[in-house]
Amino acid sequence: FALLIAPSFFEVHREIMRSPAHVIDFWLGGGRGSMKSSDASLEVVSFLERNPDKHAAVFMKQKVNIRDSAYAQIVWAIHKLDLEDDYDMPESTLRIKKKSTGQLILFRGCDNANKIKSLKVPFGSIGIAWFEEADQFKGMAEIRKVNQTVTRGGNSAVRLYTFNPPRSQGCWINRHVETGLAADARFFASTYLDAPAEWLGEQFISDAEHLKETDELSYRHEYLGEPVGNGTEVFD
């Protein structure tokens with residue numbers, strides 16, 4: 001498994017493997033190519049393999065984006081772990097089922113977070129949730145509304161939030177990971193520099209280096225995930 005995740009996420013994996021007896025949040029922030037979404041998808045599938053009585057839920061702000069983003073990423077993880085024979089992955093539905101146990105990976109758009117209240121699993125509880133592109137949500141109030149449904153019926157859960165830090169330091173998610181995290185929540189930052197070069201390809205690295213030379217602020221934001229705006233400027 002360690003051969004599939006970037007070294008910057010080893011600590012994340014170790015903490016999830018400890019199977020905490022409570023709800024724990026992991027905020028994974030980084031720029032393009034930082035492998036955070038790849039790691040989250042692998043953790044979701046790995047978690048189900050270790051916990052046959054648990055299910056997973058994956059959320060994005062806009063439902064229209066799920067099929068080509070989070071859903072495709074989970075399918076990638078299943079194939080990477082050589083588990084495709086045990087998973088039913090129909091393209092027509094936003095639901096993946098583990099054949100041998102009946103566990104589900106449910107995908108939901110949060111265009112209207114109130115509709116998440118109807119999220120149900122056939123047995124057990126949702127043990128792991130992944131919020132992809134968490135910065136697209138309106139704020140923590142909206143995410144809390146979803147989590148109130150996710151954690152219902154279980155005493156422990158892992159919640160993953162992956163996001164590209166917005167440019168402005170004043171954006172809610174940048175402020176949250178800076179000063180608003182719960183005592184047992186963790187924030188991990190990564191960049192494309194933490195990933196093996198062969199995973200990204202020569203063109204990706206070339207584009208990053210070109211932007212670094214021509215527009216350093218944009219490079220720091222897009223590739224290093226730094227909120228380079230102070231939140232007060234109208235124009236750069």
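**Entry 1**

I began with β2 and β5, which pair in the parallel sense over five bridges. I took two strands as paired if DSSP finds at least two bridges between them; strands are DSSP runs of E of at least two residues, helices are runs of H or I of at least four, and both are numbered from the N terminus. The model is predicted, so I kept in mind that local features need pLDDT of at least 70 and side-chain atom pairs pLDDT 80 or more, while totals for chains, interfaces and linings use all residues. Residues are numbered from 1 along each chain as its sequence is written, and side-chain values use heavy atoms, with hydrogens and water left out.

In β5, isoleucine 105 stands opposite alanine 56 and also opposite isoleucine 96. I then looked at β4 (residues 95-98), which runs antiparallel to β5 and is joined to β5 by three bridges. The hairpin of these two strands has five residues between them, and there glycine 102 takes a positive phi near 85°. Strand β5 (residues 104-109) has five of its six residues buried, so it is largely enclosed by the rest of the structure. Buried means under 20% relative accessible area, exposed over 50%, and partly exposed in between, with a 1.4 Å probe and protein chains only.

**Entry 2: alanine 57**

I picked alanine 57 in strand β2. Its relative accessible area is 1%, so I count alanine 57 as buried. With residues up to four places away in sequence left out, alanine 57 touches Leu106, Leu119, Ile126, Ile128, Ala129 and Trp130; contact means heavy atoms within 4.5 Å. Isoleucine 126 is 69 residues from alanine 57 in sequence, and 6.8 Å from it C-alpha to C-alpha.

**Entry 3: the whole sheet**

I traced an open sheet of eight strands with mixed pairing, in the order β3-β4-β5-β2-β6-β7-β1-β8. The edges are β3 (87-88) and β8 (186-190), each with a single partner strand, so one side of each has no neighbour in the sheet. Strands β6 (residues 125-131) and β7 (residues 157-163) are parallel, with four bridges. Alanine 129 has arginine 159 in β7 as its bridge partner. Helix α4 (residues 140-150) packs on the sheet and touches β1 (23-30), β2 (54-60), β6 and β7; its direction makes about 155° with that of β6. For that angle, axes are lines fitted to C-alpha atoms, for helices over the stretch in contact, and angles run from 0 to 180 degrees between N-to-C directions.

**Entry 4: rings**

I counted 13 aromatic pairs. The rule pairs rings of Phe, Tyr and Trp (its six-membered ring) with centres within 6.5 Å; planes under 30 degrees apart are stacked, over 60 edge-to-face, and the rest tilted. Tyrosine 219 and tyrosine 223 form a stacked pair, 5.9 Å centre to centre with 25° between the planes. Tyrosine 219 is buried at 4% relative accessibility, and tyrosine 223 is buried at 6%. Arginine 32 lies over the face of tyrosine 223, 5.8 Å from the ring centre; the rule asks for NZ of Lys or CZ of Arg within 6 Å of the ring centre and within 35 degrees of the ring normal. I also noted a cluster linked by ring pairs: Trp27, Phe59, Phe131, Phe137, Tyr161, Phe163 and Phe187.

**Entry 5: serine 190**

Serine 190 is found in β8 and is buried, with a relative accessible area of 2%. Its side chain reaches the backbone oxygen of serine 34 at 3.1 Å. Beyond neighbours within four places in sequence, serine 190 is in contact with Ser8, Phe9, Gly29, Gly30, Gly31 and Ser34.

Technical notes:
A polar contact is a pair of N or O atoms within 3.5 Å; within protein, one must be able to donate a hydrogen and the other to accept it, and residues adjacent in sequence count only if both atoms are side-chain atoms.
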